[in-house]
Amino acid sequence: MIDPASIEKFEQIATPFYYYDMELLGHTVDILASLSRKYDIDVHYAVKANVEKRILERISSSGLGADCVSGNEVLRALECGFPAGKTVFAGVGKSDREIYDAMTAGIEAFNCESLHEIYVINAMARAYGMRARVAVRINPNIDAHTHKYVTTGLFENKFGIAGHEFDALADLLGRCDSIDFTGLHFHIGSQITEVGDVFALEARRTGEIVSYFEDKGLKVDNVDFGGGLGVDYEDPDGNSVARFELWMKTVSDNFPRRPGQKLHLEPGRSVVAQCGSLISRVLFVKRGETKNFLILDAGMNDLIRPALYGAYHKIENLSSHFRRSFSEMQAYDVVGPVCESSDVWGQGRLLPMSVRGDLIAIRSAGAYGQVMASRYNLRDFAPAVFSDDLGNAPRYEDYFSRLP
Ligand code: LLP
């Protein structure tokens, strides 16, 4: 819940902005770090979900590692306190520069996604007289039962190495002289809500694949199950912390861990989604032919998830908490200002009767929000504002708010 004292301060702040509840972030991260110790599973935060420095610093301070998908993410993670030895680097298309920088930094492992990539990393390591640690991302052909744009573990997806290349892979690893094979990596999708079923299937399938490579004479010291734990977009206050324990227990119960083997998880969304909200103001209320539109000053360029995936985000009128009398509920199509018909926050949303200037929160926006923003329509980027530093937020210009 966004506390009333903060909402009062929002009145002074220019909108739109991303609000981060640092207390909730800290609470979430502490729970995750303690479960990581309890289940003896290394956790690497998937940096791509949110790259704000203060957020990364809070996460790294709890001892978690980082999962990156670009050279710049690796550099940012290191800059924000994640040790190189706990930083992994995945992605189907790493450039030579990215490989060189990460190898020089001495990262924990490259999660390689094709035979060609392994060949190139081996050749680069040899050419520069270095060694690289390499884990191999496998495509296990498992349906994560989530949106097709965030499904990654099916044969139709570009990610990982699939079964028909396993023999060639084992052969190639045997011939590479400048890399150290560290283990296997998986990631089957994001916003997975059937936690017990889908992750149990992933863990069992992983067990079979590990055995296959062991039979080929490879020692699989590390097994990384990727990220994907879903969050509750409908009820961010009721379920502000994701089901981390169920996830870890499911993986532990369904994967036959070998002695000395290290397990890893890479949560992104579930760490940061609920601590973030996109805060905006109502610019205009428009009576359409068949519906009412609430036009906000935040648009799809600030948070593209509804337009791109048809994603649901809870919308709240924060100003209505302060009205003396009960406001009647009204159905609105809540929309942004961008010149695209898909710039819609939600259709037919029931909200208290809203007026120009009301503060509106779009909840669960901490993950894949700010990082996916663009400057489409030459709009400004919405800045980050932290709950423990509201005094330094950009100020709303009172002059404008006094106009009708
Ligand atoms: N590991 C790898 C290799 C990944 O590709 C991802 C996410 C994660 C971990 C973290 O997954 P998470 O725990 O966040 O589900 N933009 C989309 C989500 C894309 C996820 C991409 N990969 C969205 O807004 O829903």
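The sections below take up the pocket, the ligand and the backbone in turn.

## Basis of the model

This is a predicted model, in which local features need pLDDT of at least 70 and side-chain atom pairs count only at pLDDT 80 or more, whereas totals for chains, interfaces and linings use all residues. Residues are numbered from 1 along each chain as its sequence is written, and side-chain values use heavy atoms, with hydrogens and water left out.

## The largest pocket

The largest pocket has a volume of about 690 Å³. A pocket here is an open set of points, on a 1 Å grid over the protein atoms alone, where a 1.4 Å probe fits, with protein on both sides within 12 Å along at least five of seven lines; its lining residues have an atom within 4 Å of a point. The volume is the space filled by probe spheres set on the points, which are joined across faces, edges and corners.

The lining of this pocket comprises 33 residues, and Lys-48, Val-150, Thr-152, His-187 and Tyr-368 lie nearest its centre. Helix H10 (269-272) and helix H11 (305-309) are the elements that give two or more residues to the lining; helices are DSSP runs of H or I with at least four residues, and strands are runs of E with at least two.

## The ligand

The ligand sits in the largest pocket, meaning that more than half of its atoms lie within 2 Å of the pocket's grid points. Around the ligand are 19 residues, of which Ser-190, Glu-266, Arg-305, Tyr-309 and Tyr-368 come nearest, a residue being near if one of its heavy atoms lies within 4 Å.

Polar contacts are pairs of N or O atoms within 3.5 Å. A side-chain N or O atom of Glu-266 is 2.6 Å from a nitrogen atom of the ligand, and a polar side-chain atom of Tyr-309 lies 2.8 Å from a ligand nitrogen.

## Backbone features

Thr-15 and Pro-16 are joined by a cis peptide bond, with omega about -5 degrees, and Pro-16 lies in the loop between helix H1 (4-10) and strand E1 (17-20). Gln-191, in the loop between strand E7 (179-185) and helix H8 (195-215), has a positive phi near 50 degrees.

Key. A polar contact is a pair of N or O atoms within 3.5 Å; within protein, one must be able to donate a hydrogen and the other to accept it, and residues adjacent in sequence count only if both atoms are side-chain atoms.
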